Amino acid sequence: MTIRERKLGNQGLVVSELALGCMGMSEFYGPADEAESIATLHRALDLGVNLIDTADMYGPFTNEVLVGRALRGLRDRVILATKFGNQRQPDGTYVRVNGRPEYVKSACDASLLRLGVEHIDLYYQHRVDPTVPIEETVGAMAELKRAGKIRYLGLSEAGPATIRRAQLEHPISALQSECSLWTREVETEIFPVIRELGIGFVAYSPLGRGFLTGRFRSREDMDSGDIRRRVHPRFQAGNFEKNLALARAVEELARKKGCSPAQLALAWVLGQGTDIVALFGARRRAHLEDNLGAVSVELTPQDRGRLDEIFPPGAAAGLRYVAEQMKRVGI
């Protein structure tokens, strides 16, 4: 198993083709296991993953602390990414999407302190603030870069017009948005724009928040506190059963290929272009190692055609977020 590198953008950022997202290590997907999370982070580095992704809102705030503790003494092996913009209180209360320049700078300083590092390699605006011109937000990020606090700029879930305006203010290295077999809107709406502008793409939730791994047979397979079971539309009764039928068809193709469903789903994302990095979450070493096996899976044109039959754009039942959260994407 050899994990290769891919270029994100035209500013010199080069990262592993598979990246590790750390959100679930601290919140949303059930009880945390800090020791196993740190062991998983270390194992990822040992196996060739160098892009590690977190955000200030995860926890909130505690995920950056965890990642910083895990990476202490290993900084030179890591491309460290974090995000600002989804403002929360320490008790978890959601405040707002905040892209004000003064907030951008204070959020960055707070993240640097929690992570215990002198700079952030890739700093994303987590969601676009519709009340603040993107030029002002990106301008503040550019000031952080000039100050040596960040190295590369990123956006997350931004729409085409916003991406173009941001790029005019300062070159953007990466756009992070949801992309998987069951979330394919970016193929027609986003890929043409970022490829025209020379911006790399980081696909988050490439495994459909775990649905495409074959782990779930019923909603009871998730912890009662798991946000997927509680609120995510595609995991709710009615939608769950329809999506399960699609996922089982993916499992059947994976069996024929001699790989796991997760490996097949990740290989499909990687096959969307050499300018794309797949960012998956893993809280345990076993899941991490299985996912990384995707780099050894080669999809034939026939395989990709079959996957298109199973999961054509729009096939998944349910929105990818609840209606209120959907208002914050694609701005």
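## Pockets, a cavity and the fold around them

The largest pocket holds about 1,000 Å³ of space. A pocket here is an open set of points on a 1 Å grid over the protein atoms alone, with protein on both sides within 12 Å along at least five of seven lines; its volume is the space filled by probe spheres set on the points, which are joined across faces, edges and corners. The model is predicted, so local features need pLDDT of at least 70 and side-chain atom pairs pLDDT 80 or more, while totals for chains, interfaces and linings use all residues. Residues are numbered from 1 along each chain as its sequence is written, and side-chain values use heavy atoms, leaving out hydrogens and water.

Let's walk around that pocket. Its lining has 44 residues, and Met23, Phe28, Tyr29, Ser205 and Arg209 lie nearest the centre; a lining residue has an atom within 4 Å of a point. By class there are 18 nonpolar, 15 polar and 11 charged residues, where Ala, Val, Leu, Ile, Met, Phe, Trp, Tyr, Cys and Pro are nonpolar, Asp, Glu, Lys and Arg charged, and the others, Gly among them, polar. Strand E6 (86-88), helix H8 (227-230), strand E12 (276-281) and helix H11 (285-292) each give at least two residues to this lining.

The second largest pocket has a volume of about 280 Å³. It is lined by 19 residues, with Glu157, Glu185, Glu189, Arg320 and Val329 closest to its centre. Strand E10 (174-178) and helix H6 (186-189) are the elements that supply two or more of them.

What lines the largest cavity? Trp182, Arg209, His232, Arg234, Phe235, Leu319 and Arg320 do, around about 30 Å³ of space. A cavity is a set of points where a 1.4 Å probe fits but cannot get out.

Stepping back, the protein has 13 helices and 12 strands, taken as DSSP runs (H or I, at least four residues; E, at least two) and numbered from the N terminus. The radius of gyration, over C-alpha atoms, is 19 Å, close to the 20 Å that the globule rule gives for 331 residues, so the protein is as compact as a globular protein of that length; the rule is 2.2 Å times the number of residues to the power 0.38. Of the 331 residues, 59% are buried, meaning under 20% relative accessible area with a 1.4 Å probe and protein chains only.

How values were computed:
Buried < 20%, exposed > 50% of the residue type's maximum accessible area, 1.4 Å probe, protein only.
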